[in-house]
Amino acid sequence: RMTQKLGLKECETRDLELVQDLLEIMHTQSLDFHSTWLLLTDHLPEVVSNTKDLNFLPISLQAWATLWRKRLQRESEPASAVQRLMRQSNPIVIPRNHRVEEALSAAEGGNLQPFWQIVSAVQRPFEDQQDSRALAAPPPSKREPYQTFCGT
């Protein structure tokens, strides 16, 4: 499943290492998991193009992306099919805790619009809908970590 998130249809022996390296970079650099997958999906055309530099990526991902680029070159699928696989494997919308909390607070105040916006978006999480990118955004970095509990 993780290789599909990288657009890899054919599995090779070192693909697991490629995935593990990416996850390690995300962890050590505190990169948002969801946002990183969207970034890679959105910019796949630049990655597969050998004429483009990788400056659009965070510096911590550029060396890794060079290895990913080389791996993608061994795929038998065209870049459009690779990106389609990535779009089917990396949802645009996930129910972010801070957005759910905002919607619940608004609903308690009588405004159900934010709640219905989230419900609509998560019913089609792989489609780029109006405002879906805003719903997918991580909380502001100044915000305290969000805690949730079983049963909430």
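Predicted model: local features only at pLDDT ≥ 70, side-chain atom pairs only at ≥ 80, totals over all residues.
The largest pocket holds about 220 Å³ of space. Its lining is made up of Glu12, Arg14, Asp15, Glu17, Leu18, Asp21, Leu67, Lys70, Arg71 and Arg74. Two elements, helix H2 (15-28) and helix H5 (59-72), each give two or more residues to this lining. The greatest share comes from H2, with 4 residues. Sorted by class, the lining has 8 charged and 2 nonpolar residues, and no polar ones.

Glutamine 83 lies in helix H6, which spans residues 79-89. The relative accessible area of glutamine 83 is 16%; because the limit for a buried residue is under 20%, glutamine 83 counts as buried. When neighbours within four places in sequence are left aside, the contacts of glutamine 83 are Thr41, Asp42, Leu44 and Pro45.

The last part concerns a pair of helices. Two packed helices are described by the angle between their axes and by the distance between the axes. For helix H7 (residues 97-108) and helix H8 (residues 113-123), the angle is about 140° and the axes are 7 Å apart. Roughly antiparallel would require an angle over 145 degrees, and roughly perpendicular covers 65 to 115, so H7 and H8 are oblique to each other. On the H7 side, the contact is made by Arg99, Val100, Ala103 and Ala106, and on the H8 side by Pro114, Phe115 and Ile118. The residues of this contact between H7 and H8 comprise 6 nonpolar and 1 charged, with no polar residue.

Note on methods. Residues numbered from 1 in each chain as written. Heavy atoms only, no water. 1 Å grid on protein atoms, 1.4 Å probe; cavity = no way out; pocket = protein on both sides within 12 Å on 5 of 7 lines; lining within 4 Å. Points joined across faces, edges and corners; volume = space filled by probe spheres on them. Nonpolar A, V, L, I, M, F, W, Y, C, P; charged D, E, K, R; others polar. Buried < 20%, exposed > 50% of the residue type's maximum accessible area, 1.4 Å probe, protein only. Contact = heavy atoms within 4.5 Å. Axes fitted to C-alpha atoms, helices over the stretch in contact; angles between N-to-C directions. Parallel < 35°, antiparallel > 145°, perpendicular 65-115°, else oblique.
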